[in-house]
Amino acid sequence: MNESVMPFGWGGITFLVCYLIGLLFIGWLGGRAKKDNSLRDFYLGGKGVGMVVLLLTLYATQYSGNTMFGFSGKAYRVGFSWITSVHFMTAIIVGYLLFAPGLHRLSRKHQFITPNDFLNHRYHHRGINIVAPILMILALGNYLLAQLMAMGRALQGLTTMPPETAYIVGVVLLAGIMLVYETMGGFRAVAWTDVLQGVILMIGFSILIFLIWTQFGGIAETTQKLFNSSDADRVKVLPPDPLGSRRWLSYILIFGLGASLYPQAVQRIYAARSTKVLRNSLIAMVFLPLMTSWIAVMVGVTGAAHFQGLDGSQTDRILTIICREVQQSSTLGYWLVVILFSAILGALMSTADSCMLTISSMTTKDLYLRFINPKATESQLTFMGKWLSWLVVGILAGFAIYLNSLSSKPTLVKLLDLKFDMLVQLAPGFMLGMHWKRLHGTAVFWGLITGLCVTFGLYSNEWIQSTGFHHGLFGLLANLIVAISLSLMPLSNREQLCHTPKKAA
Amino acid sequence: MSAESTPSSTGIDLSGKRLFLSWWIWVVYSILMVVGIPWYWPAQYEGTLFGLPTWTLCSLAASFVASCFTAWLLMTRWPVESVENDLPVSEKNHS
């Protein structure tokens, strides 16, 4: 039998089915709690959520399939150096310091729903209103795709079905359940299911730590085993080389500036019931990387010591391989893995449903309402948003199945990187724009365009890759130079620049 | 820091948002980053502490300090605003 497969018996399958039905039930409850047919009610849960729900929805949204599969897979490949992930997940909360207090206050005053509502309020610039939502939808689409692929891979490890069939069933079944509960309850369903998923995720990470200690002799044994291995594996316990250190710095910067602008996280800043709720949730969030990313790293490193020889996208399955080993050891191990697997599904689905809801809100409000049908009513928009979710997920699920059929499958961390290269280009508009009055819409727009051109123009540049820094950071540098230079330009020149297209027309 | 509203030329209220922009805050984060990224350890360093490579523990300690520092900043520098400030513009006009 394939060692990355851990088929569940009827007991485990029944538990998982109950868990998935529970998610649907919560979605139904979310639908019953609906106050009206407004966009704010559907996408932000009306007047907002309290501390426990906000914390768990932020947690379940930010820690995803990438954390469970991608981070453990990357730690398998590079070793302890991937505690980079602990640093960059902390950097996300530090990034919030630059804009979250102001954004939350403005969102309460002006009833923002989508991230672009702030940009529109701040700059009133048509170009930004077109490019920024499209950029965020593409970045989130990429993230949603990664979650769907991880769902397929998760089910591949669960059954004895042919791997290709199991992958398709995983993608279609789990995405379908998500769509149903989201359609019923909108943000409430997503946030409330996140509470269940967040709790199970926390239990899952605790179980992982327990398993590593009991099943594989603890981290000390793992460290020694790797020190005594061949050079290729020994390097996984040594400090990173200069290139690795630069990459480490690059991850901190791109996550601190890019991941803090996750559109679904920005919407949770809006959805906080009060400043106190948001502040206290962020205080709790800042300690969670030490309890989640670090555990994922230990799983990957333990796998590197005990299951050598995996490479490429196979390494993203290391968690499944470890689970299978534990599952076969005892009845207790079996049930621990069942709960852990529920946590994995929770991590995947909670992130994917948040992405889906945010994509739907941005497409409906930022693009359809603003540019196509400004006279649409709120209930029409809410109805349209629900069906847009089905369309988007349908297309991405098809793409996820196509990507799995390729001989060279992309790893989860590679997909993650692409998203941040794009999102980080919005940092000047949000972070600088929150504090610097002189920054204006035309400057932000051309900075954004320049940043994107530089990022994608340099994508295959070997020198850039050899520096260890993300392409997006070079784009951001160009973006900042353009945005600041244009904003500092004397007013007469600036007016000429702003009005030239109109005159030409 | 003043929390009064002073709309800018763009019409947006930018006051009261510079809670975390003091230079020393970002100096502290920079120092923690320099300590946390293990660039200064010898390439073949094999020392361990509590079963982990020493450089790993050092890096994790820097991350823990950064978390504590951030929590402290959030607690002490982000005032919990009045309910009035949290109200939508439309509701304020009615009241």
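Predicted model: local features only at pLDDT ≥ 70, side-chain atom pairs only at ≥ 80, totals over all residues.
Chain A is built from 24 helices and 0 strands. Its radius of gyration, 23 Å, is close to the 23 Å that the globule rule gives for 505 residues, so chain A is as compact as a globular protein of that length. Along the principal axes, the C-alpha trace of chain A spans about 75 × 55 × 45 Å. Of the 505 residues in chain A, 58% are buried.

Turning to the domains, chain A is divided into domain 1, residues 10-406, and domain 2, residues 436-505. The centres of these two domains, taken over C-alpha atoms, are separated by 30 Å. Where domain 1 and domain 2 of chain A meet, the contact takes 13 residues from domain 1 and 12 residues from domain 2. On the domain 1 side, the elements that give two or more residues are helix H8 (126-156) and H12 of chain A. H12(A) supplies the largest share of that side, with 7 residues. By class, the domain 1 side of this contact comprises 6 nonpolar, 5 polar and 2 charged residues.

A:Leu148 gives a view of the packing at one position. Leaving aside neighbours within four places in sequence, A:Leu148 is in contact with A:Val171 and A:Ala175, and also with A:Ala352, A:Leu396, A:Ala397 and A:Ala400.

Chain A also touches chain B, in a contact that takes 47 residues from chain A and 46 residues from chain B. On the chain A side, the elements that give two or more residues are helices H5 (84-96), H6 (100-110), H7 (115-123), H10 (218-227), H12 (242-258), H14 (275-285) and H20 (427-435). H6(A) gives the most to this side, with 6 residues. Sorted by class, the side of chain A that touches chain B has 27 nonpolar, 12 polar and 8 charged residues.

Of its 11 residues, 9 are buried, so H6(A) is largely enclosed by the rest of the structure. The buried residues in H6(A) are A:Ala100, A:Pro101, A:Gly102, A:Leu103, A:His104, A:Arg105, A:Leu106, A:Ser107 and A:Arg108. After H6(A) comes A:Gln111, whose phi is positive, near 55°.

In chain B, B:Tyr40 is found in the loop between helix H1 (23-36) and strand E1 (48-49). B:Tyr40 has 11 C-beta neighbours inside 10 Å and therefore counts as exposed. B:Tyr40 and B:Thr70 lie 30 residues apart in sequence, and their C-alpha atoms are 25 Å apart in space.

Notes. Residues numbered from 1 in each chain as written. Chains lettered and ligands numbered in written order. Contact = placed C-beta atoms within 7 Å. Helix = DSSP H or I, 4+ residues; strand = E, 2+ residues; numbered from the N terminus. Rg over C-alpha atoms; globule rule 2.2 N^0.38 Å. Buried ≥ 20, exposed ≤ 12 C-beta atoms within 10 Å, placed from the backbone. Nonpolar A, V, L, I, M, F, W, Y, C, P; charged D, E, K, R; others polar. Domains from an automatic or database assignment.
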